[in-house]
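Here is a short briefing for someone meeting this structure for the first time. Start with the ligand and its surroundings, then move on to the sheet and the helix.

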Amino acid sequence: MRIDPREASPSDVYFAMTATIVPRPIAWVSTLSVHGIPNLAPFSFFSGVSGRPPLVSICVGNTRDGRPKDTARNIIDTGEFVINVVPSHMAEAMVQTSGEYPPVVNEFGAAGVRSVPAERVKPSRVGGAPAVIECTLHDVIEIKDGDEITNRMILGRIELIVVRDDAVDARGHIDARMLDPLGRLGGSDYALLGEHRVIRRPKV
Ligand SMILES: Cc1cc2nc3c(=O)[nH]c(=O)nc-3n(C[C@H](O)[C@H](O)[C@H](O)COP(=O)(O)O)c2cc1C
């Protein structure tokens, strides 16, 4: 199969991308509106960006009626967010928070997720998340198609990373298997962390 963006529809290209760029980590992003309403939603166009300064990125599209999603608006308005790692047993709750709820709905409540205060920012952490990354807004890159802003790439500066103690060994190394992170594949498919291998880099 060949997918040529010059011929295929944007949605066909999008589905081909999400089924080939796999598995993707999921940032379960907690924010607060300017009115103090908590918001929680998953984003798998998520990546680490740089260690110095310590930056992560998420890319947030628009709602079906062309407005910025609540997460992007809240981050731009308040400058703060928390990325929660999704353990596999919270998969259903995470998907529940991806519904296009109106801004007045608190998705923690809608999905039955416990909220826990963060240390460096005002939005809450997800109770039960094995690792959290507390962030402030570093920059927003508006992604345009012609004149239309279709996505906002949000660069977050890491203020604090907290990993559950049982996922850290005696040498201070984080054991990814203990995080049990859910990965996203195409459509409604998800991946669990499978077998792991150690492969040393060449010393040249
Ligand atoms: C696993 C998963 C990953 C998602 N990744 C993204 C993403 O990277 N970018 C995006 O704009 N929407 C993504 N979505 C859809 C948003 O979660 C959804 O639009 C949500 O309603 C946004 O919530 P908000 O309006 O409260 O910000 C994803 C949904 C799921 C289930």
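The shell around the ligand holds eight nonpolar, six polar and four charged residues. The model behind this count is predicted.

**Ligand shell**
- The ligand is surrounded by 18 residues.
- Ala41, Phe45, Gly61, Lys69 and Thr71 are the closest of them.
- E3, E5 and H2 are the elements that each give two or more residues to this shell.
- E3 supplies the largest share, with four residues.

**Sheet**
- Seven strands form an open sheet with antiparallel pairing.
- Their order is E3-E2-E6-E9-E10-E5-E4.
- Strand E3 (38-43) and strand E4 (46-50) are at the edges.
- Each of these two has a single partner strand, so one side of each is left without a neighbour in the sheet.
- From one strand to the next, the twist averages 35 degrees.

**The E5–E10 pair**
- Strand E5 covers residues 55-61, and strand E10 covers residues 148-163.
- The two pair in the antiparallel sense over seven bridges.
- Gly61 has Asn151 in E10 as its bridge partner.
- Gly61 is also one of the residues closest to the ligand.

**Helix H2**
- Helix H2 spans residues 70-78.

Methods:
Residues numbered from 1 in each chain as written. Predicted model: local features only at pLDDT ≥ 70, side-chain atom pairs only at ≥ 80, totals over all residues. Pairing = 2+ DSSP bridges. Axes fitted to C-alpha atoms, helices over the stretch in contact; angles between N-to-C directions. Contact = placed C-beta atoms within 7 Å. Near = placed C-beta within 6 Å. Nonpolar A, V, L, I, M, F, W, Y, C, P; charged D, E, K, R; others polar.
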